[in-house]
Amino acid sequence: MRRKSFVLIVLSIVSAVFLSVSMALAADPLKPTSKDKCPVCGMLVHPYTQWSAQIIFKDGTYAFFDGPKDMFKYYLDIPKYNKSKTSADISDIYVTEYYSTKVMKADGVTFVSGSDVMGPMGKELVAITNDKVKTFTSDHKGVKALKFSEVTDADIPDGHMHHMK
Amino acid sequence: MAYPTPTTITAITAPSAIIAVEGVSKIFNAGEADEMRALDGVTLSVAKGSMAVLKGPSGSGKTTILGIIGCMTRPTSGKVMVNGKDVAKLPEHFLTDIRRRTFGFIFQHFNLIKGITVKENIMLPLYPTSIPIHEMKERADAILESLNIYQKRNYHVEKLSGGEKQRVSIARALINNPEIILADEPTSHLDTKLSEDLMDRLSRLNGEGKTIVIATHDPLVYDKPYVNRIIEMRDGKVIGT
Amino acid sequence: MFIYSIIVATLTSLLFLTQSLKKEAMDVFIEAPELIVQRMSAGRHDLIPVGYAEKILSIPGVSSVEPRYWGYYYDNLTGGNYTLIARNIDALHMVKGTLPKGPGECAIGKGVADVRLTDLNDVLFLSINPQQKVSLKVVGIFTADSAILTNDLVVMDKNDLVNFFALPKDMATDLIVHVSNASEVPTIAMKIRRDYPDTRPITRSEIVRTYENVFNWRGGMALTMFIGPLLAFAIFAWDKATGMSAGERQEIGILKAIGWETTDVLKLKFWEGMAISLTSFLTGSILAYIHVFYFGAALFAPVLKGWSVLFPPFNPIPYIDLYQIFVIFFLTVIPYLASTIIPSWKAAVTDPDTVMRS
Amino acid sequence: MILHPGALALITGAVLCFSMTAYAVVLALKIIWHWDISSSSELQLALERRTYLISTVMNYVMGFEILSLFLYVYTLDSIHVLFVGAMCATGSLNANPIGWYVLYTRIAIFFLSATWIAINYLDGQAEDYPLVKLKYKFLLFIAPMIFLDGYLEIKYFAGLKPDVITSCCGSLFSDESKKVAGSLAGLPIKPMMYVFYCAAATLAALSALSMKVKASIVKYLTSFASILFFPIAIASTISFISIYYYELPTHHCPFDILQGTYNYVGYPLFVSLFGGSFFPVASGVAELFGSVPSLREPVGKAQKRWYVVSIILIAIFVGFSSWPIVFSGFTPF
């Protein structure tokens, strides 16, 4: 009886949970549509909004990724995925921060690898605001914390596809 | 066309015998108090293309032997050759297959199924076969036409007159194009005119090459000149041919 | 066949009812907060210091914490139990009138309005004892659509509620915690427990699970009660199929004589059984649909719901799930078919020469 | 114990199958003891009629088992919300590992009872019913499986505790998992693809060869290949076919493809796989009886048909498996 009415109370309090993104930036981040696919793996991006990342080019074209990991794969080897662009054409790179699920500039956050938090593609480079890196690393067994510019090929988790037995 | 010459018992192995029964017995409820020996060492044969009559009073076993020849029942012992194949011990599945391909049946009470139309009644024997439905319909129409009841094809059978019912039952017996037509007391519920009419049709079918076996005790049937052979039965035994 | 349809209709109504109740509740749970923190004392829910909120807010991933004030009120007048709750930032919509904007105002559920014969702008008087009493002007009444949640609700100003219940200063009934990233909820719940061992954090998924269970259990119980009639029906079907009439026997004899095999008759009987059971199944399901979604399951909603003192009127949202249909099919058609096997076989092995021996 | 309507329906079905099989076994025993094809006694006639009853009962049991296999998977899917950490049917199975055995026994029952029906069919083609005693003895062997399956299923639902924390496909079918399913999911895609396509091609080629060549050894080899192919195909479904359908490299669940979200593609996929691997086995079993004189012709005829069906089904299976690999833009590696 108590529990039931208590639940009714819970239900009666409805509140807006997800905050929309509102940050004044050079090129505002975009929202993935239901058609946007990750150019690295081919997955649809919109079901995983709390992981999505994006690269916006100066000419207004853009690429969405299902997580920071694939964004780095693309970023570190642009010619492989997009022959007409180089890193000089990039206007902005955004990732979704883990704790706030807010879209933030990639160079303003820290990427933690080796944690037990799984993205849609398994192991991830989880984007964390700089002040929470310590908490995250201890809570989720993070191994390495890297700034955007420090991330190299070797830091990108393998995904689960290629590990050789 | 000349009537075929009557065959004799010795012709069992003769190639012309389409039906050959040898020493067939049938015991119902064997080993029980009400054991009943319906057939006792029956031996007979019917030549291909002939018209034979099994004659005898009721209880003489003529219906039982008709059932055995028609692959409806298996004898307790003995040999039953239909078209050169021994069917006495075949499992039901194969018996049915032979029955379906070889025999057409005309029953005492017409035995049409009520509640469905004339045409559906006629097509019933074909449903278990792999004949496509359009061909079933074509066949049924052709037979209905030849028996002059095409215009009543969509009537429910209970609305037909006795003569029409009789023609429907003949049509049903013919739909699978059988070699042999078996008739069990076909005239017992018909008046003289309809009986004559039926015999007329049977003799015509006989003329077209079909073998016909009739179980009856009606003189109107067995006295017909075109009956080739009369097998007389009593108490489960053949007493004269 | 009529009985069969009625049985299917009953079973189906039951499942439709539980299913749509569940759906309705779940739709609301989706919007519930990710985490609720209650304080436990002697194993019972106790008031929680509002001060806890500050530390909880500092846990990474928590986007906001709000105290909630609520309680139960037993109304001597009508013998009903109401849920009194302080207005939060964005309480429920689905209201006729408005929500209370300040002290002395309230919004009430349809059930409360009905038993107290209260309409908009009337005054609702509540009293526990001469010291704890309050008179509130009704400025809003929740609509019937939301009855399942709001039927016994009285929403009022926070101060009115605190005074009415004489809640100690700086204590709330519980705290609701909003979390941005759902994957972080377990970690946050763990930290809250670590920081405040006297609290119990309840996650949304726990609530959903509990409810899912309650609904399944209720549906299952009701179904179990119907196993008896179902069994009786199967026996009835068996009996009916066994007692073949002479006419039927004759017909099967004819079919067999003219070239049908036992297997063919069995097939015929199978399709016959299929036709009967599917027709009954369809009729029954349609009846159940009409019963549940047009007549609000008038016939047995009380059995299934009866959980609230103020019984909420039920206007279920038409909702059908293929899985439910499959379950009903399995529970009704399959036992029927199984119960016809032996009688069909008995009919099918009729001797073909029966037609000649009669 | 959970009182979910689906669980109740399944238990009802299990009890039905259970009692029907028990009944069939009693009838079968009588036939094993008294069958004498050369006799025209009424007992023999009665026994012959009973064979129809047993065949019918077994056909129904098989039908019910197939339906309940689907209902089982749906129910697992529907109750996963009851378990912490479960995200799909796999999670429900892990909540009480007996569930896995139910799945295995049910698949075994599918193959066994399909084989029984195939033998029954062949037997019915010969005038002397040469396999009667054998097939009913085989039935005695299948029956305990059906009992076991029903028992396990009831035990599974009885043992489910809604507060159990389970792991889902996310962790089970992920490479971190130490369990079999995990190692299946962790199988490297490319080599797995080679194995899968080679196995499918080999099976199809052997089936084709079996139609041409008289030698029994080829047919047995084909059956063997088909028995191997089934687990390979299941492994491939978990390892790579599923992820192409989900377009999500971490989702290996073999059950979700049965859902409407994925256009029910799981049905043609699994039906063609089960059928495609069953028929070569059935042909091999039939070959065992090829030496019985009255069966020589029916066996030859049936085998020809079965091999053709099997090749077609395998082709359909491979087609459905390859479709997303070829046509979706998804590139997990």
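Modeller: Happy to! A word on terms comes before anything else: helices here are DSSP runs of at least four residues and strands are runs of at least two, both numbered from the N terminus. Counted that way, chain C has 12 helices and 14 strands. Please keep in mind that this is a predicted model.

Let's begin with how chain C is packed. It has 358 residues, and 58% of them count as buried. Among the contacts in chain C with a separation of 6 or more, 79% are between residues 24 or more positions apart.

Now for charged pairs. Side chains of opposite charge can pair when their charged atoms come close. One such pair in chain C is the salt bridge between Lys269(C) and Glu248(C), whose closest N and O atoms are 3.3 Å apart. Lys269(C) sits in helix H9 (residues 262-294) of chain C and Glu248(C) in helix H8 (residues 246-257) of chain C, so this pair ties together parts that are 21 residues apart in sequence. Lys269(C) is buried, at 12% relative accessible area, whereas Glu248(C) is partly exposed, at 29%. Over all chains, the whole structure has 37 salt bridges.

Chain C also reaches a neighbour: Met356(C) is one of the residues touched by Asp184(B). Asp184(B) belongs to strand E7 (residues 180-184) of chain B. Asp184(B) is buried yet has no salt bridge, and the nearest side chain of opposite charge, Lys62(B), is 6.2 Å away. The side chain of Asp184(B) does make a polar contact with the side chain of Thr63(B), at 3.1 Å.

Finally, a look at confidence. The average pLDDT of chain C is 81, and 89% of the residues score at least 70. Confidence in chain C is highest in strand E3 (residues 48-49), at 92, and lowest in helix H10 (residues 301-304), at a mean of 54. Over residues 304-311 of chain C, pLDDT stays under 50, though the model has 34 contacts beyond four places in sequence for them. Where pLDDT is low, the predicted coordinates should not be read in detail. For the complex, the predictor gives an ipTM of 0.78 and a pTM of 0.78.

How values were computed
Residues numbered from 1 in each chain as written. Chains lettered and ligands numbered in written order. Predicted model: local features only at pLDDT ≥ 70, side-chain atom pairs only at ≥ 80, totals over all residues. Heavy atoms only, no water. pLDDT = per-residue confidence, 0-100. Contact = heavy atoms within 4.5 Å. Buried < 20%, exposed > 50% of the residue type's maximum accessible area, 1.4 Å probe, protein only. Lys, Arg positive; Asp, Glu negative; His and termini not counted. Salt bridge = Lys/Arg side-chain N within 4 Å of Asp/Glu carboxyl O. Polar contact = N/O pair within 3.5 Å; in protein donor to acceptor, adjacent residues only side chain to side chain.
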